[in-house]
Amino acid sequence: MSDNDINPDKGDESLHDSIPVTGMYKDWFLDYASYVILERAVPAIEDGLKPVQRRILHAMKEMDDGRFNKVANIIGQSMQYHPHGDASIGDAIVNLGQKDLLIETQGNWGDVRTGDGAAAARYIEARLSKFALEVVFNPQTTEWQLSYDGRKKEPVTLPVKFPLLLAQGVEGIAVGLSTKILPHNFCELIEGSIQILKGKKANLLPDFNTGGLADFSEYNEGLRGGRVKVRAKIEEEDSKTLLIKDIPYGTTTNSLIESIIKANDKGKIKIKKVVDNTAKDVEIMVQLAPGQSPNMTIDALYAFTDCEVSISPNACVIIEEKPVFLTVNEILEYNTKQTKALLNRELEIRKGELMEKLLFASLEKIFIENRIYRDIEECETWEAVIETIDKGLEPFKPQFYREITRDDIIRLTEIKIKRISKFDTFKADELMRKLQEELEEVNHHLENLTDYAIQYYKNLLSKYGKGKERKTEIRTFDTIAANVVAANNAKLYVNRADGFIGYGLKKDEFVCDCSDLDDIIVFRKDGVCLVSRIQDKVFVGKDIIHVAVYRKGDERMVYNLVYLDGASGRAMIKRFQVLSVTRDREYPLTKGTKGSKILYFTANANGEAEIITVYLTAGSKARIKVFDFDFKDIEIKGRGAQGNILTRHPVRKIQLKMEGVSTLGGLNIYYDPSVGRLNTDERGELVGNFLGDDKIIAFFKDGHYELTNFELTNRFDQDNLLLIQKFDSERVVSAIYFDGASKQYFIKRFQIETSTLNKKFNFISDHKNSQLTVVTTEKQPQVKVKLQKGKEIDENVYDMDMLIDVKGWRSVGNRLSNHTVKSIQLLVSEKKKTGNTDENLSVGSTVNFDLKKKDEEDDDEDKEQLGLF
């Protein structure tokens with residue numbers, strides 16, 4: 001038995017040295033958690049890098065000779081500093097390379113858009129970018145530490161003079177802690193740093209390399225609890241095809257297509273085919289099923305697929321070996337101050353170097369010109385040599401900025417005879433003059449450090465900012481109701497007598513198409529209504545008189561009702577709305593007394609009020625036993641209203657006499673340009689008051705118009721939209737457009753002759769550079785035009801209705817002028833200024849359009865054409 005075995009003779013003595021497992025777990029777990037937080041998952045605020053990334057860049061700097069290196073070699077070099085294996089290093093290198101900022105790549109590095117992985121490390125190459133070499137490395141300002149095995153030195157943090165953390169973004173999961181900082185735009189970060197240096201505040205918003213659209217209204221400066229909604233950019237190629245151009249950050253074309261197919265299989269959307277045409281640019285073609293609305297499908301793609309994703313940021317960084325939560329603006333301010341401090345340190349180092357160079361250049365000149373080197377010829381010992389030189393320099397010591405040391409004198413003794421013999425005083429003075437000028441420049445920068453830092457950032461922007469413009473469009477998204485845009489993937493059936501509804505009762509009465517997200521409203525003969533989520537089969541009560549899909553908050557839906565009050569025997573009449581309910585709760589529409597029941601009921605989608613004929617029983621005491629009643633005489637109230645007395649006598653039956661018209665009046669429709677959607681919530685500007693078959697007409701900058709109904713699901717490209725208003729077929733459209741082929745401006749006036757809805761009609765030339773500049777439907781529109789006539793600018797106001805007659809919508813129109821058009825401004829009529837007009841409000845019809853200079857010179861053929869002025 002060894003000494004380590006338990007000795008029975010010792011009794012319980014050996015147990016006194018044992019350590020409780022709970023204590024071990026507590027200490028080890030905390031050590032492990034701290035290690036993962038500090039060494040693996042969370043970046044340092046100083047350089048924005050995780051340890052593996054920092055070690056990779058340091059290894060690449062050691063290998064840097066200007067040429068590309070195999071990634072496999074870089075991995076091997078990095079393993080001297082990173083003890084966690086080649087796989088993690090390889091993944092980190094690929095991640096850095098795909099961000100296209102610090103590393104230049106060569107070979108197949110994969111594609112973040114499609115999700116394709118990089119080739120094997122032995123096939124791909126990399127080197128540090130010029131940007132990385134300029135802003136990331138400086139051995140003189142780097143703090144060093146020993147590597148994990150003590151053989152090498154590695155940086156604690158790299159002296160990065162740029163907000164690298166915010167530019168690249170980062171994501172990491174540690175033990176009980178996570179971080180997610182979204183990437184930001186390169187140019188905007190530099191501009192933000194400049195603003196901070198000027199004493200102003202910056203407001204950063206993320207920018208994703210995948211492009212797309214993003215709503216940052218809840219970004220919360222990147223703190224925990226914030227949210228960013230990102231959408232794919234979807235274009236309508238035609239009425240049957242949609243094109244997805246950009247994808248949301250964090251998704252790939254493959255995952256996006258899978259989500260679309262999954263939503264189609266579930267019946268949330270209805271599509272015919274999805275084709276991935278991605279090559280240089282992302283393009284996913286979605287072919288719609290017959291009869292599907294492109295606008296509704298776009299909303300459904302956002303609601304049910306990865307075409308819209310929500311990202312939750314959580315900005316956490318390491319400061320002084322502790323995790324700290326900061327806003328992105330605070331991180332930028334920290335990095336900006338750090339950059340300024342590093343620049344100051346570099347200038348101080350350079351100042352010291354220049355002063356040392358000046359000192360030695362002066363010593364050398366004195367040593368040679370005063371022939372002090374001859375005085376040491378007779379010296380027999382080394383100490384005598386040092387003392388002789390020191391004595392020779394004594395008269396000149398007061399002019400130096402520091403004391404002359406023994407090392408300085410030793411350095412003078414190392415000057416070669418050849419240099420002494422060829423010493424040129426003029427060249428020495430010229431060198432000292434240049435050093436002095438550079439020293440003065442450095443001192444100037446130190447005295448004006450803020451201006452120097454601003455200029456440093458501006459130089460970075462000019463050198464590296466090209467091609468790094470914002471890719472993600474900043475938008476405000478509307479809320480999409482999933483049950484509104486979901487495709488009808490189910491059929492609603494009802495068994496009125498037994499009281500069942502659902503999509504599984506296929507042998508019973510068919511009601512309508514619906515989706516599996518819809519709520520169903522039910523009215524029973526006993527005067528009860530309830531709303532229930534659609535299911536395969538659900539019991540809602542016997543004697544169902546009406547069942548339909550329920551739309552919460554629908555103020556246009558009005559129910560007309562006559563019921564018998566069981567207590568008094570009176571017939572009561574009411575009109576009411578059901579705007580909000582609690583699901584599966586029964587609501588009485590009568591007074592709730594025993595024997596109450598519904599005598600007459602209609603559901604009116606647009607608030608119609610019909611005329612009914614009431615037949616009393618033959619035995620009633622009423623003198624008039626048949627009479628008519630118009631529901632429009634009843635005020636619309638809530639579902640709980642008891643109603644008015646229709647008659648106190650017994651009713652035999654009630655019949656419909658005449659269909660009614662809406663008593664709600666027109667619907668005020670507004671256009672919200674921030675989201676490109678219609679609404680009835682008074683967001684944006686009023687388009688008009690709409691009834692029944694009224695239409696909307698929209699004019700777009702690319703020269704087409706489109707007629708649509710006033711459904712709130714319609715969407716309009718706000719970047720391309722020029723004018724939107726209520727359509728009036730009698731109105732004349734006045735337009736000025738730029739013809740891309742002739743590079744001239746044309747004016748035309750026409751009436752809308754088409755009537756097809758949701759179809760685009762182009763009414764200007766079809767050249768790719770043609771563009772609609774001004775469009776209006778005012779009766780007497782005026783434009784202010786600036787013309788270049790020789791060296792002079794001529795400005796005049798013209799009545800558009802006097803320049804050209806009304807022609808067909810396909811007509812080319814007349815050339816606006818022989819001269820170069822500098823700008824065109826549509827003037828607002830006095831009626832619109834004062835608001836005294838009966839015309840519908842046109843959104844965008846009074847915007848000023850400053851034109852870019854299309855072409856300064858007209859060719860001879862164009863000059864011969866006759867313009868209007």
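Tutor: In this predicted model, rings of Phe, Tyr and Trp pair if their centres lie within 6.5 Å. Phe699, Tyr705, Phe750, Phe761, Phe763 and Trp809 form one aromatic cluster.

Student: How many aromatic pairs does the structure hold?

Tutor: A pair of aromatic rings is described by the distance of the centres and the angle of the planes. One of the pairs is that of Phe131 and Phe162, with 5.1 Å centre to centre. The structure holds aromatic pairs numbering 27.

Student: Is the pair of Phe131 and Phe162 stacked or edge-to-face?

Tutor: Phe131 lies in helix α5 and Phe162 in the loop between β5 and α6, so the pair ties together parts that are 31 residues apart in sequence. Both residues, Phe131 and Phe162, are buried. Planes over 60 degrees apart count as edge-to-face. The planes of Phe131 and Phe162 stand at 85 degrees, and the pair is edge-to-face.

Student: Is helix α2 roughly parallel or roughly perpendicular to helix α4?

Tutor: Helix α2 (residues 51-63) and helix α4 (residues 86-98) pack with their axes 10 Å apart, at an angle of about 80 degrees. Angles of 65 to 115 degrees count as roughly perpendicular. Therefore α2 is, relative to α4, roughly perpendicular.

Student: Which cysteine has the sulfur closest to that of Cys514?

Tutor: Cys514 is buried, at 0% relative accessibility. A disulfide needs sulfur atoms within 2.5 Å, and the structure holds zero disulfides. The closest cysteine sulfur to that of Cys514 is 5.6 Å away, too far for a bond, and belongs to Cys512.

Technical notes:
Residues are numbered from 1 along each chain as its sequence is written. This is a predicted model: local features need pLDDT of at least 70, side-chain atom pairs count only at pLDDT 80 or more; totals for chains, interfaces and linings use all residues. Side-chain values use heavy atoms; hydrogens and water are left out. Axes are lines fitted to C-alpha atoms, for helices over the stretch in contact, and angles run from 0 to 180 degrees between N-to-C directions. Helices (H or I, at least four residues) and strands (E, at least two) are DSSP runs, numbered from the N terminus. Angles under 35 degrees count as roughly parallel, over 145 as roughly antiparallel, 65 to 115 as roughly perpendicular and the rest as oblique. Buried means under 20% relative accessible area, exposed over 50%, partly exposed in between (1.4 Å probe, protein chains only). Rings of Phe, Tyr and Trp (its six-membered ring) pair if their centres lie within 6.5 Å; planes under 30 degrees apart count as stacked, over 60 as edge-to-face and the rest as tilted.
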